[in-house]
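Dear colleague,

Here is the structure for your files. Please open it before reading the notes below.

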Amino acid sequence: MILVRKLTKRYGQTLALDNLSFEVRPGAVTGFLGPNGAGKSTALRIILGLHHPTSGEALIGGRRYDRIRHPMREVGAVLDANAAHPGRSAVHHLACLARSNRIGRARVRAVLDQVGLADVAHKRVGGFSLGMRQRLGIAAALLGDPAVVLLDEPINGLDATGIRWIRSALRTLAAEGRTVLLSSHLMSEMALTVDDVLIIGRGRLLAETSMTEMRDRFERDVLVRSPRAADLAAVLTGLGASVTAVETDTFVAAGVDAPAIAAAAAAAAIPVHGLTSRGATLEDVYLQMTGEAVEYRSTERTAQS
Ligand SMILES: Nc1ncnc2c1ncn2[C@@H]1O[C@H](COP(=O)(O)OP(=O)(O)OP(=O)(O)O)[C@@H](O)[C@H]1O
């Protein structure tokens with residue numbers, strides 16, 4: 001569990017975090033989303049004790065990072081996929097980290113297996129692709145078998161195979177009961193990856209919600225096509241939906257989602273030729289939210305100057 005309470009961080013004139021509070025629960029993948037400069041890295045660095053907040057605090061399992069006796073055993077982080085020295089082999093890199101953190105050598109082999117790098121364990125990191133370096137970063141983060149895992153932009157720049165691998169690795173970590181927090185500036189990267197989402201803009205929390213709730217809130221109605229449109233419309237009205245005819249074979253249903261329409265049509269043996277969920281896409285909603293945050297900030301700045 002990560003708890004961030006009233007975190008404020010100033011860098012000179014820049015207010016990077018502005019009274020930011022949120023919680024990240026165990027057993028789920030949480031996305032930390034915001035445009036460039038929103039304050040994501042600053043918050044992650046404060047959680048990891050690398051930067052000091054101007055005020056407020058960040059707690060991991062109830063304690064500040066600098067009060068944790070064996071940090072690698074409680075929290076693992078991947079801030080930079082290029083953190084390993086290019087001249088070292090993967091196994092050497094991990095063995096050094098394990099030794100300096102008093103972690104048994106057996107964990108090195110275990111994490112290499114876990115991230116699928118066992119076959120290239122003795123190869124120099126300099127020859128690794130970005131996807132392999134990202135896996136090595138995750139292996140390093142998992143060395144101490146921590147309950148909390150933080151990743152800064154882990155998907156950025158990866159190819160489709162790398163993205164698929166990261167997604168399933170994060171799902172596994174969450175299913176093991178760990179707290180998993182990853183940052184990104186792209187909603188498209190988060191939509192298929194995370195359970196919960198925190199959206200920040202200009203250092204402020206804009207939304208703290210689940211992906212399911214985001215979808216439910218913004219996918220508004222369904223365009224339905226059926227050769228027996230009138231019959232299907234009557235069935236859906238009976239279920240409490242409101243229906244507006246568009247053409248003889250097409251109508252719009254609100255208050256009922258596409259899976260429920262499909263199920264109702266199947267139960268009544270009515271053929272369906274098309275179901276299209278409509279409304280703002282997650283990307284639209286995100287851009288609208290963060291765009292407003294940018295506008296708010298520019299007004300504030302003008303007022304101050
Ligand atoms: N060490 C620093 N000194 C001065 N200003 C900084 C420092 N680190 C961050 N900032 C500023 O604080 C704000 C938040 O930056 P931060 O890097 O945390 O955002 P971010 O959401 O991680 O962005 P990105 O997606 O671009 O990495 C920005 O205005 C940035 O310029």
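The notes below go from the whole chain to the ligand site, then to one helix and the cores.

Please bear in mind that this is a predicted model.

Overall layout. The chain contains eleven helices and 13 strands. Its C-alpha trace spans about 70 × 55 × 35 Å along the principal axes. Of its 305 residues, 36% count as buried. Taking contacts between residues at least 6 apart in sequence, 69% join residues at least 24 apart. There are two assigned domains, domain 1 covering 2-209 and domain 2 covering 227-272. The centres of domain 1 and domain 2, taken over C-alpha atoms, are separated by 45 Å.

Ligand site. Which residues surround the ligand? The shell consists of Tyr-11, Thr-14, Ala-16, Gly-34, Asn-36, Gly-37, Ala-38, Gly-39, Lys-40, Ser-41, Thr-42 and His-185. By class, eight of the shell residues are polar, three are nonpolar and one is charged. Strand S2 (14-24) and helix H1 (40-47) each contribute at least two residues to the shell. H1 gives the largest share, with three residues.

Helix H5. This helix runs over residues 130-142, 13 residues in total, and its first and last C-alpha atoms are 18 Å apart, close to the 18 Å expected at 1.5 Å a residue. H5 is mostly covered, with ten of its 13 residues buried. The buried residues are Arg-133, Gln-134, Arg-135, Leu-136, Gly-137, Ile-138, Ala-139, Ala-140, Ala-141 and Leu-142. What do the buried residues of H5 pack against? Their partners are strands S5 (75-78) and S6 (148-152), together with helices H3 (90-100), H4 (106-114) and H6 (160-175).

In soluble globular proteins, nonpolar side chains tend to be buried together. The largest nonpolar core here has 64 residues, and the members that touch the most others are Leu-94, Ala-139, Leu-143 and Leu-150. H5 supplies the largest share of this core, six residues. Another core, of 13 residues, lies apart from the largest one and includes Leu-232, Ala-233, Val-243 and Val-256.

Setting aside neighbours within four places in sequence, Leu-143 is in contact with Met-72, Leu-94, Leu-97, Ala-98, Ile-103, Arg-107 and Val-111.

Regards

How values were computed
Residues numbered from 1 in each chain as written. Predicted model: local features only at pLDDT ≥ 70, side-chain atom pairs only at ≥ 80, totals over all residues. Near = placed C-beta within 6 Å. Helix = DSSP H or I, 4+ residues; strand = E, 2+ residues; numbered from the N terminus. Nonpolar A, V, L, I, M, F, W, Y, C, P; charged D, E, K, R; others polar. Domains from an automatic or database assignment. Expected span 1.5 Å × (residues − 1). Buried ≥ 20, exposed ≤ 12 C-beta atoms within 10 Å, placed from the backbone. Contact = placed C-beta atoms within 7 Å. Core = buried A, V, L, I, M, F, W, Y, C linked by C-beta atoms within 7 Å.
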